[in-house]
Amino acid sequence: MKRQKETPKKITQGEAYDIILNRIPRGLFYLQEGAQWTGIDNRTGNAWAENFPTREMCLAWLAH
(Lines give C-alpha, C1' and ligand atoms only; values in the text may rest on other atoms or scores of the structure.)
Protein backbone atom coordinates (compact mmCIF):
# COMPACT_ATOMS: atom_id res chain seq x y z
CA MET A 1 0.00 0.00 0.00
CA LYS A 2 1.39 3.40 -0.98
CA ARG A 3 1.70 6.02 1.77
CA GLN A 4 -0.08 9.32 1.16
CA LYS A 5 2.09 12.42 0.88
CA GLU A 6 1.78 14.68 3.90
CA THR A 7 2.29 18.41 3.82
CA PRO A 8 4.62 19.57 6.62
CA LYS A 9 3.00 22.03 9.01
CA LYS A 10 4.87 25.12 10.25
CA ILE A 11 4.78 25.26 14.07
CA THR A 12 6.05 27.36 16.96
CA GLN A 13 8.84 26.48 19.38
CA GLY A 14 6.27 25.69 22.06
CA GLU A 15 4.41 23.33 19.75
CA ALA A 16 7.70 21.64 18.80
CA TYR A 17 8.53 21.11 22.47
CA ASP A 18 5.12 19.51 23.07
CA ILE A 19 5.45 17.22 20.03
CA ILE A 20 8.91 16.04 21.09
CA LEU A 21 7.89 15.59 24.73
CA ASN A 22 4.47 13.97 24.22
CA ARG A 23 4.90 12.45 20.72
CA ILE A 24 1.55 13.91 19.61
CA PRO A 25 0.18 14.99 17.27
CA ARG A 26 1.62 12.76 14.59
CA GLY A 27 2.74 14.19 11.28
CA LEU A 28 5.48 16.31 9.71
CA PHE A 29 6.42 19.65 11.21
CA TYR A 30 9.01 22.41 10.81
CA LEU A 31 9.98 25.65 12.48
CA GLN A 32 12.53 28.41 12.23
CA GLU A 33 14.80 29.13 15.17
CA GLY A 34 16.99 32.11 14.34
CA ALA A 35 18.91 31.29 11.15
CA GLN A 36 18.29 27.57 11.59
CA TRP A 37 15.36 25.39 10.46
CA THR A 38 14.25 22.31 12.39
CA GLY A 39 12.24 19.47 10.90
CA ILE A 40 10.29 17.01 13.06
CA ASP A 41 9.09 13.72 11.59
CA ASN A 42 6.54 12.34 14.02
CA ARG A 43 4.61 10.14 11.59
CA THR A 44 5.44 7.01 13.64
CA GLY A 45 5.41 8.60 17.10
CA ASN A 46 9.22 8.69 17.38
CA ALA A 47 9.59 12.48 16.86
CA TRP A 48 12.79 12.41 14.81
CA ALA A 49 14.25 15.93 14.66
CA GLU A 50 17.01 17.41 12.48
CA ASN A 51 18.42 20.93 12.08
CA PHE A 52 19.18 22.54 8.72
CA PRO A 53 20.68 25.82 7.49
CA THR A 54 17.86 26.40 4.95
CA ARG A 55 14.11 25.88 4.76
CA GLU A 56 14.52 24.03 1.46
CA MET A 57 16.91 21.49 2.99
CA CYS A 58 14.55 20.99 5.91
CA LEU A 59 11.52 20.39 3.69
CA ALA A 60 13.53 18.01 1.46
CA TRP A 61 14.43 15.94 4.54
CA LEU A 62 10.79 15.83 5.60
CA ALA A 63 9.80 14.65 2.10
CA HIS A 64 12.02 11.53 2.33
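Thr38 is buried in this predicted model, with a relative accessibility of 7%; buried means under 20% relative accessible area, exposed over 50% and partly exposed in between, for a 1.4 Å probe and protein chains only. The model is predicted, and local features therefore need pLDDT of at least 70, side-chain atom pairs count only at pLDDT 80 or more, and totals for chains, interfaces and linings use all residues. Residues are numbered from 1 along each chain as its sequence is written, and side-chain values use heavy atoms, with hydrogens and water left out.

Thr38 belongs to strand S3 (residues 36-41); helices (H or I, at least four residues) and strands (E, at least two) are DSSP runs, numbered from the N terminus. Because five of the six residues of S3 are buried, the strand is largely enclosed by the rest of the structure. The side chain of Thr38 forms a polar contact of 2.7 Å with that of Asn51. Such a contact is a pair of N or O atoms within 3.5 Å; within protein, one must be able to donate a hydrogen and the other to accept it, and residues adjacent in sequence count only if both atoms are side-chain atoms.

Strand S3 pairs with S2 in the antiparallel sense over six bridges, where pairing requires that DSSP find at least two bridges between the strands. Trp37 in S3 is the bridge partner of Gln32. The hairpin of S2 and S3 has two residues between the strands, and Gly34 in the turn has a positive phi of about 65 degrees. Strand S3 is also joined to strand S4 (residues 48-52) by five bridges, again antiparallel, with Asp41 opposite Trp48. In the hairpin of S3 and S4, six residues lie between the strands, and Gly45 takes a positive phi near 90 degrees.

The largest nonpolar core consists of seven residues: Ile11, Ala16, Ile19, Phe29, Leu31, Ile40 and Ala47. A nonpolar core is a set of buried Ala, Val, Leu, Ile, Met, Phe, Trp, Tyr and Cys residues joined through side-chain atoms within 4.5 Å. Helix H1 (13-22) and strand S2 (28-33) are the elements that give two or more residues to this core. Apart from it lies another core of six residues, including Leu28, Tyr30, Phe52 and Leu62.

Two aromatic pairs were counted, the rings of Phe, Tyr and Trp (its six-membered ring) being paired if their centres lie within 6.5 Å, with planes under 30 degrees apart counted as stacked, over 60 as edge-to-face and the rest as tilted. The ring centres of Tyr30 and Trp37 are 6.1 Å apart and the planes stand at 35 degrees, so this pair is tilted.
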